[in-house]
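Have a look at the sequence and structure first.

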Amino acid sequence: MGVLMSKRQTVEQVQKVSLAVSAFKDGLRDRPSIRRSGELSGSQRGTMEGSVQEVQEEKEAEAGTPVVQEESGVKRAAWERLRDGRGVEPEEFDRTSRFTPPAFIRPTRKLDDDKPADIFLEPREPVVNDEMCDICEVWTAESLFPCRVCTRVFHDGCLRRMGYIQGDSAAEVTEMAHTETGWSCHHCDNLNLLLTEEEMYSLTETFQRCKVIPDCSLTLEDFLRFRHQAAKRGDSNRVLSDEQEEQAARQFAALDPEHRGHIEWPDFLCHESLLLLQQLRPQNSLLRLLTVKERERARATFLAQSRGNTVSEAECRRAQHSWFCKHLAQAPCTVSISHVGPIADGSPASSSKNQDKVTRPAQQESRTVDWPTFLRENVIYILAARPNSAAIHLKPPG
């Protein structure tokens with residue numbers, strides 16, 4: 001069989017050549033040592049002494065650059081990556097072994113996205129994955145890895161070249177992608193990409209006001225300090241109550257399932273993005289973010305628990321936890337980095353959740369929930385279960 005090359009690959013090849021030529025021209029123009037070499041005496045030109053002098057001059061010029069400027073440049077680059085929703089800048093990629101990373105475009109809200117979304121219990125929606133790899137856009141007979149959230153599929157080799165799977169994570173992707181739990185692609189794994197430009201600006205402004213540095217892990221003390229400072233936004237006299245502080249501490253524990261004493265930046269960013277979505281968007285707008293796979297999973301959960309066209313309040317609450325559970329019939333729920341999320345309440349390993357469980361009043365057991373209400377009360381937790389991380393990015397009540 002011949003080798004197929006898509007239109008995207010052809011464009012990428014042209015881009016790589018253009019970048020190489022531009023880098024070569026910039027190098028010739030910007031290197032001061034080449035200009036200085038012409039000023040050397042004729043006896044030193046082309047000799048070892050001349051080369052040593054050039055190297056020494058370059059080192060002196062580099063040593064004269066203030067360290068503060070370098071640190072500010074790193075922080076500025078981190079803020080720009082956060083603003084644009086990018087994990088790594090294109091310049092940081094090794095172009096000899098990876099493709100050009102995609103440019104993520106933040107979504108825009110439509111004028112009518114707060115109107116009721118027509119998501120009916122019946123009829124069921126067909127779920128069909130794409131036929132071609134989302135990266136190379138070429139169909140081959142090789143095994144494709146489907147995303148459990150969207151309909152995109154990927155080649156193992158393309159994911160490696162893009163740097164989305166490295167080392168041991170490749171085996172986990174291979175194992176989990178074809179299970180019922182599944183694996184989230186890089187588009188769905190980052191919940192921050194759901195924010196619009198305006199929402200991202202608001203979140204960035206909060207981080208800057210509270211002196212949160214991107215790409216850094218947070219301890220419990222850092223997390224509580226941020227929650228106190230964020231609570232004062234708009235009202236400097238507002239403080240967190242003891243109950244709210246305890247709730248924040250429980251959320252920190254949910255974001256740190258391995259009890260390492262700190263939470264990673266991607267988990268913290270996903271959590272804050274969810275809180276902002278919950279605060280700024282109506283539930284109808286959130287419902288429009290659900291993919292066909294998520295809608296079908298919600299239908300299956302509702303129909304499995306319903307008696308007629310309703311479920312009980314307790315079953316609706318249990319469903320909020322179930323999105324974070326590994327649904328494999330042949331194995332119990334266990335902690336793994338490739339999980340949809342943390343373990344469910346019924347898991348033997350869920351001792352901390354059993355301690356947090358509160359007794360629900362009898363009135364909740366008698367209250368019934370129909371399909372639209374079930375979907376509205378679960379939508380934020382369905383979105384929170386998208387990342388591959390084992391952290392609970394939004395802990396359900398109870």
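Are Phe154 and Trp183 buried or exposed? Phe154 is buried, and Trp183 is too, where buried means under 20% relative accessible area, exposed over 50%, and partly exposed in between (1.4 Å probe, protein chains only).

Some ground rules before going on. This is a predicted model, so to speak of local features takes pLDDT of at least 70 and side-chain atom pairs count only at pLDDT 80 or more, while totals for chains, interfaces and linings use all residues. Residues are numbered from 1 along each chain as its sequence is written, and side-chain values use heavy atoms, with hydrogens and water left out.

**Aromatic pairs**

Rings of Phe, Tyr and Trp (its six-membered ring) pair if their centres lie within 6.5 Å; planes under 30 degrees apart are stacked, over 60 edge-to-face, and the rest tilted. That rule gives eleven aromatic pairs. Here are two of them:

| Pair | Geometry | Centre to centre | Between planes |
|---|---|---|---|
| Phe154 and Trp183 | edge-to-face | 5.8 Å | 85° |
| Phe226 and Phe268 | edge-to-face | 5.3 Å | 80° |

Phe226 sits in helix H9 and Phe268 in helix H11, so their pair ties together parts 42 residues apart in sequence. Phe226 and Phe268 are both buried. They also belong to one aromatic cluster with Phe207, Phe223, Phe252 and Trp265. Over the ring of Phe223 sits the charged end of Arg227, 5.9 Å from the ring centre; the rule here is NZ of Lys or CZ of Arg within 6 Å of the centre and within 35 degrees of the ring normal.

**Nonpolar cores**

A nonpolar core is a set of buried Ala, Val, Leu, Ile, Met, Phe, Trp, Tyr and Cys residues joined through side-chain atoms within 4.5 Å. The largest has 51 residues, and Phe207, Phe268, Trp323, Trp371 and Phe374 touch the most other members. Helix H17 (371–384) is among the helices that each supply at least two residues, and H17 gives the most, with nine. A second, separate core of 21 residues includes Val138, Ile165, Val173 and Cys185.

**The whole chain**

The protein chain has 17 helices and six strands, taken as DSSP runs numbered from the N terminus (H or I, at least four residues; E, at least two). Buried residues make up 40% of its 398 residues. Of the contacts (heavy atoms within 4.5 Å) between residues at least 6 apart in sequence, 73% join residues at least 24 apart.
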